[in-house]
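Subject: Structure handover, with notes

Hello,

Here is the structure for you to look through.

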Amino acid sequence: MEKYVELQESIISGKKDKVGELTQRFLDDGRPAKEILDEGLIPGMAVVGRKFQEGEYFIPEMLLSARALNVGLDLLKPLLEASDVKPVAKVLVGTVKGDIHDIGKNLVSIMLRGGGFEVIDAGVDVSPDTFVQMAKESSVDIVGLSALLTTTMPSMQETVEAFKSDGSRDKIKIMIGGAPVTTEYAEKIGADGYAQNASLAIEMARNLAGV
Amino acid sequence: MVYDSLAYNSSGEMLFGKAIHPLSCGSDLVLGDGLVFPEVNFTLPIMQVNEDNRAKILKQYEDMVGTVLNRLAILQVPGAVIEFEHAPQMTEYLDIGGDITALTKQLMDDCYQKHGLKTALRATICDIREKERPPKMRTGELVQRMFESFRLGAVKGADLLSIESTGGKEVNDRALMEANLPGLLLSLGILAPRDMHFLWNEINKIAADENVIAAGDSACAFANTAMILADQGYIPNVLAAVVRAMSAVRSLVAFEEGAVGPSKDCAYEGPVIKAITGYPISMEGKSAACAHFSHMGNIAMAVTDLWSNESVQNVKLLSGFAPEVFAEVLTYDCRLMNEAVAEGDEDIIRKLLIKSDEYKSVHALIVSPDSSYQIAQAIVAEKSDFERTRQAGLTACSIIEAAVQENKLTLRDREITYLNRIEDELTKYSSEETVLEAALPDYKDLFLSSEYGL
């Protein structure tokens, strides 16, 4: 693990060029991609997550680190795929039909990517059918639904129902969030979880993904 | 027109309930003429807005407006503004928004006849243009639909036309999360003012055609988003405060295109607007905690003409339904202010409203009458929207720095680091050209330059 300290620190300080350089050097030295990921990139990002939770980092710092992480991941990805190493989980996120607010959804995406999840962003005003279609096409593990208005929360229920009608509900987990949303509402519509904010969303996603 | 001077000679002249240019509207209501009135807003409980639900929606509004007016009448309120703030579908499906407007106005007229309650109806149309990404700000069906909704609102009984417009938001959202100053200058200094000129020119034409009032806009999508993100620890508080000051410029454009107030309740840049234009403003604070948290619950009242609850769902509380509950809360807030004026104690109340919040947070500091006045001075000293935006931001930095140096405001080290960086970058990116050069590589895919006349 010690040989990866500089790589971890480069992730923590968001130095993407350095991360690229070091990752490539480790690969050239014959280190396994999985080892570079598990002992260099992920521990570095874990520190970033901790610093954010403890109020030492803001989202801008986290974004810099996430971009640095992506530089490393891009180099490792072909090798990881070849050895069948998968991301933590694949998450489809979107703002439900009728709603055009997306900053909360975007924040969740940032946090999830920083946590090693692969995120597919469906955008805003996403119909239930589109959620179902995109979830199937990308074989996602989790679907995250966002709504900011009381008048669009029913679209969350419709989306859950659409997954049931499609027969794919049992294959995915559904988490919901947004200012007017509650745990009780999640339970009422048959979602698997509710997260009050973006920071808690990543914990929820980890729980749902079983990691 | 371009404002090049302030309406007030000092921040101390600005007071709640009094505007340089009082505004007559609705049923014999005069704003800014000595009294502060409640502005009550509410929203549906969890339900969809569509044709199938039309009857249920109208029944909800009948109940909400009816109970609010009844409570206001029982409490012998001298006047009030009712805001009908559209959910996106109420703008998109014209008839639903039109029907709610007509129903609301009818109830208000009935109340005026029965109880003599003076009211005005504000229709806040939803900026549905952002439904498309990148949004078409000037062309396309959604733009036309939005303007039709303004006109229909006016025809159906709205007295005041408003919007929380979003031009530039598509860039601002990301720039905020990246704390990217060139991006923020692109959004707030270039795109947003350009959109405001286009948008409010059109809204003013509609208002003139239909003989209603073009009231004003709000930087909610920019500055309140920033405030909430900062409050949750996602971005620095100082960044949000500086964005608040910068966003006042785009909101002022509505007035330069012909709006006459009252500015929107969630526009915490209202005191800046009032300092420059002398028109009445609406504000929200502690009694809007039902909708969102803030750091300026008291200080926001100091120079306001309308006092709002922002929005509350129609849910049952112990005393009654939430809209009527908040109508009562606002009423007592306004009574206190109005009684202070009647007793000649307005300066005492004003001072306490300010002092109780001013240095508790950077958000409160930046909306204080003194800070707002300084920001307003910086704005009118410049001619271009871009330079105004930059100078408003730099002035905010100076205000915050001074408060820290005088040990009045405490900021964490990392906030100080950001403050210095923000000031350095606002100084560095001193022209539209330098901003475009720095920001376009990262942000050009988020907006359509032709939709901003670029």
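Buried means under 20% relative accessible area, exposed means over 50%, and partly exposed lies in between, with a 1.4 Å probe and protein chains only. By that scale A:Asp38 is partly exposed, because its relative accessibility is 31%. A:Lys34 is also partly exposed, at 37%.

Some ground rules come next. This is a predicted model, in which local features need pLDDT of at least 70 and side-chain atom pairs count only at pLDDT 80 or more, while totals for chains, interfaces and linings use all residues. Residues are numbered from 1 along each chain as its sequence is written, chains are lettered from A and ligands numbered from 1 in the order in which they are written, and side-chain values use heavy atoms, with hydrogens and water left out.

Salt bridges

A salt bridge is a side-chain nitrogen of Lys or Arg within 4 Å of a carboxyl oxygen of Asp or Glu. Over all chains, the whole structure has 41 of them.

One joins the side chains of A:Lys34 and A:Asp38, at 2.4 Å from N to O. Both residues belong to helix α3 (residues 33-53) of chain A and are four residues apart, about one turn of the helix. Helices (H or I, at least four residues) and strands (E, at least two) are DSSP runs, numbered from the N terminus.

In chain B, the side chains of B:Asp195 and B:Arg129 form a salt bridge of 2.8 Å, N to O. B:Asp195 sits in helix α6 (residues 181-210) of chain B and B:Arg129 in the loop between β5 (118-125) and α4 (141-156) of chain B, so the pair ties together parts that are 66 residues apart in sequence. Both B:Asp195 and B:Arg129 are buried.

Another salt bridge pairs B:Asp265 with B:Lys264, with the closest N and O atoms 3.2 Å apart. Are these two buried or exposed? B:Asp265 counts as buried because its relative accessibility is 0%. B:Lys264 is buried as well, with a relative accessible area of 0%.

Salt bridges also form a network, which links A:Asp102, B:Glu130, B:Arg133, B:Lys169 and B:Asp173. B:Lys169 is found in helix α5 (residues 169-178) of chain B, and counts as buried at 10% relative accessibility. The side chains of B:Lys169 and B:Asp173 are joined by a polar contact of 2.8 Å. A polar contact is a pair of N or O atoms within 3.5 Å; within protein, one must be able to donate a hydrogen and the other to accept it, and residues adjacent in sequence count only if both atoms are side-chain atoms. Setting aside neighbours within four places in sequence, B:Lys169 is in contact (heavy atoms within 4.5 Å) with A:Asp102, B:Glu130, B:Ala221 and B:Phe222.

Chain A against chain B

How many residues does each chain give to the contact? Chain A gives 31 residues and chain B gives 31 residues. Buried area is the accessible area (1.4 Å probe) that two parts lose on being put together, summed over both. Between chain A and chain B it is about 2600 Å², with 61% from carbon and sulfur atoms. A:Phe58, A:Ile100 and A:Thr151 supply 28% of the area that chain A buries against chain B, more than any other three residues.

Between the two chains there are three salt bridges and 15 residue pairs in polar contact, both at pLDDT 80 or more. On the side of chain A that touches chain B, α4 (59-82), α5 (103-114), α7 (153-166) and α9 (198-209) of chain A each supply at least two residues. The largest share of that side, five residues, comes from α4(A).

The two domains of chain A

Chain A is divided into domain 1 (2-82) and domain 2 (90-209); the bounds come from an automatic or database domain assignment. The C-alpha centres of these domains lie 27 Å apart. Domain 1 of chain A gives seven residues to the contact and domain 2 of chain A gives six residues. The two domains bury about 620 Å² between them, 74% of it on carbon and sulfur atoms. Between them, the count of salt bridges is zero.

Regards
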